[in-house]
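Subject: Structure handover

Hi,

I am passing a structure on to you. Please open it first, then read my notes on the salt bridges below.

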Amino acid sequence: MESSTTTSYSVVSELEGTLLKNPKPFAYFMLVAFEASGLIRFATLLFLWPIIALLEVSGYRSGSLKLIIFVATAGLHESEIESVARAVLPKFYMEDVSIDAWRAFGSCDRRVVVTRMPRVMVERFAKDHLRADVVIGTEIVVNRFGYATGLIQETNVDQSVFNSVANLFVDQRPQLGLGRQIISGSPTFLSLCEEQVHAPVPSNYNGHNQGLHVQPLPVIFHDGRLVKLPTPATALIILLWIPFGIILAMIRIFVGFLLPLWAIPYVSRIFNTRFIVKGKPPAPATPGNPGVLFVCTHRTLMDPVVLSYVLGRSIPAVTYSISRLSEILSPIPTFRLTRIRDVDAEMIKKELSNGDLVVYPEGTTCREPFLLRFSALFAELTDNIVPVAMNYRVGFFHATTARGWKGLDPIFFFMNPRPVYEVTFLNQLDVEATCSSGKSPYDVANYVQRILAATLGFECTNFTRKDKYRVLAGNDGTVSYLSFLDQVKKVITTFKPFFH
């Protein structure tokens, strides 16, 4: 057929219940409430869920949606909502994408996404990852100071979506429409499409050009503290756990300060924290056995501390963006990089002459199953390189942040019911794999990146620290000195979930 080869087809697809398997957007508004505002708004929206659900089943879909939007966004600055939509929501959207619907959607040349959610919450994900050309959604009313009023411009959401699609395709009807079956008397955009496919899209549906796009673009960078999508049940569990989690974190950290490093992995089992060690770590440095450079993947701020725990001795760490408080409270020595290559090289050489040292060539953490590009500086400075694959598992809270205060990372890590850290020691690099054999530092760095990625089952990328911070925080990740007042303000901002 002609339709199987042409790429001139247009598709209009509903997001909720079609491209995303879950037809209910409530959990995504819970994320906005928590990450952009705080625990009070998060709890308020959760407690209103029975009323929201009752309105939904009673046929007042627009009223239910308007109530959710009002509670989740009223009083928030537009930039805060955009920040959550850019850094937090895409990962949760991606986990819920229907591959069958995506295949039909991605097989068309012109792709339009329609949603009942505010456009600002969806547009970044739809365009960057679903490859959408246009996103049609509700529009939040923003006052002249840039704050959301909680109201939306549309009176009838379904009619507004219908009109927007009709205006977009004035000259020619869209060839394909993907969406849920009509459940009300309001007109839907599907009636404008030549072919209509109702969700769930059949797995054997024959798209118009199967070779156009095979997969949506993956989410590599992700921010936010919540690990799980806060459905009503999950959100309730999180709320009930937080007071116990804070107390447990304080106990775990206090015990960590009191005990020697070698005892931590054993005592931590009492407090439901596990350290899993694989491979054979090298012997400590001696006068006849010079120190080694541990080249590690970077998952959280806790990486160098955990490495010292499992080795049973203090290993100095080279750092860049940790807070002053973290440096003060760290149980191991830390040395701050300047990002001036010659200065950093001399500092690392000096510390290596005193014994073992740990470095993180990625320059920042990455919580998704990807490794960022490795800096080649470490390969120029020594041949005694021991790759270490580090990874962690948590249940409720992530222990990294790009937008918040990094000094709270250990607290969030230890607030989890059962945090687990995995440390895998690889064999020290053979001389043939180092610069001594004539290899370039970049070849050595790429080789180490590849073997660490293979060990963890991750994928190598060429993205850098700057790429991460441009996506998540809207800056290049440059760390500048903060005054005491600025640090206090940042702490308060980070604790918005508890005070706002």
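To start: is Arg-225 buried or exposed? Arg-225 is buried, because its relative accessible area is 7% and the cut-off for buried is under 20%. Keep in mind that this is a predicted model.

The partner of Arg-225 is Asp-409. Their side chains form a salt bridge, at 2.9 Å from N to O. The two residues sit 184 positions apart in the chain. Asp-409 belongs to helix α16 (residues 409-414). Arg-225 lies in the loop between β7 (195-198) and α10 (232-258). Asp-409 is buried too, at 5% relative accessibility.

Next, Arg-313 and Asp-356. This salt bridge has its closest N and O atoms 2.9 Å apart. Arg-313 has a relative accessible area of 19%, so it counts as buried. Asp-356 is buried at 9%.

Then Lys-24 and Glu-56. Their salt bridge spans 3.7 Å, N to O. Lys-24 is in the loop between β1 (10-14) and α1 (26-36), while Glu-56 is in helix α3 (residues 49-57). They are 32 residues apart. Both are partly exposed: Lys-24 at 43%, Glu-56 at 27%.

This pair is part of a network of salt bridges that links Lys-24, Glu-56, Arg-61, Arg-116 and Asp-158.

The count for the model comes to 19 salt bridges.

Best wishes

Technical notes
Residues numbered from 1 in each chain as written. Predicted model: local features only at pLDDT ≥ 70, side-chain atom pairs only at ≥ 80, totals over all residues. Heavy atoms only, no water. Salt bridge = Lys/Arg side-chain N within 4 Å of Asp/Glu carboxyl O. Helix = DSSP H or I, 4+ residues; strand = E, 2+ residues; numbered from the N terminus. Buried < 20%, exposed > 50% of the residue type's maximum accessible area, 1.4 Å probe, protein only.
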